Amino acid sequence: MGMLKEFKDFAMKGNVVDLAVAVIIGGAFGKIVSSFVNDIVMPPIGVLLGGVDFKDLTVTLRDAYVAEGGAEMSAVVLRYGNFIQNVVDFLIIAFVIFLAIKGINSTKKKKEEAPVAPHAPPKSEVLLEEIRDLLKK
């Protein structure tokens with residue numbers, strides 16, 4: 001029972017719960033960004049490039065063929081269009097996170113440091129200053 005209680009204490013700590021919420025929200029945010037890129041950003045770019053759908057951009061390294069034993073071997077294809085789309089997804093996510101962090105940091109009030117009172121001079125300096133002042137008279 002000790003291990004179960006220890007696990008419960010660990011799992012219910014604020015940081016673990018916050019992390020779980022962040023992962024869930026991050027997954028949902030990823031879907032939103034993917035939809036934004038796939039449905040809003042990439043179609044106009046495809047139109048500008050002559051009606052190209054980025055998902056269809058591929059390079060075939062080897063065509064499909066039938067092996068000697070009669071087994072069908074699929075084609076070897078590089079899908080660089082998907083790669084371009086994923087890079088755009090990443091850049092948008094990174095930019096939005098940058099803006100969010102920048103916004104959070106700007107809302108935090110900068111702690112103003114209280115002016116530090118000057119330290120009292122040592123007793124020997126005070127005595128030397130008094131002697132100096134007496135000698136000036």
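Author: Contact means heavy atoms within 4.5 Å. This is a predicted model, where local features need pLDDT of at least 70, side-chain atom pairs count only at pLDDT 80 or more, and totals for chains, interfaces and linings use all residues. Residues are numbered from 1 along each chain as its sequence is written, and side-chain values use heavy atoms, with hydrogens and water left out.

Reader: Which residues does Gln85 touch, not counting those up to four places away in sequence?

Author: Gln85 touches Val37, Asn38, Met42, Phe54 and Lys55.

Reader: Why is Gln85 called buried?

Author: Buried means under 20% relative accessible area, exposed over 50%, and partly exposed in between (1.4 Å probe, protein chains only). Gln85 has a relative accessible area of 5%, so Gln85 is buried.

Reader: What is Phe29 in contact with, leaving aside its neighbours within four places in sequence?

Author: Phe29 is in contact with Ile93 and Val96. Phe29 and Ile93 are 64 residues apart in sequence, and their C-alpha atoms are 8.5 Å apart in space.

Reader: What makes Phe90 count as exposed?

Author: Phe90 has 55% relative accessibility, which is over 50%, so Phe90 counts as exposed.

Reader: Where is Phe90 found?

Author: Phe90 is found in helix 3, and the place of Gln85 is also in helix 3, residues 80–107. Helices (H or I, at least four residues) and strands (E, at least two) are DSSP runs, numbered from the N terminus.
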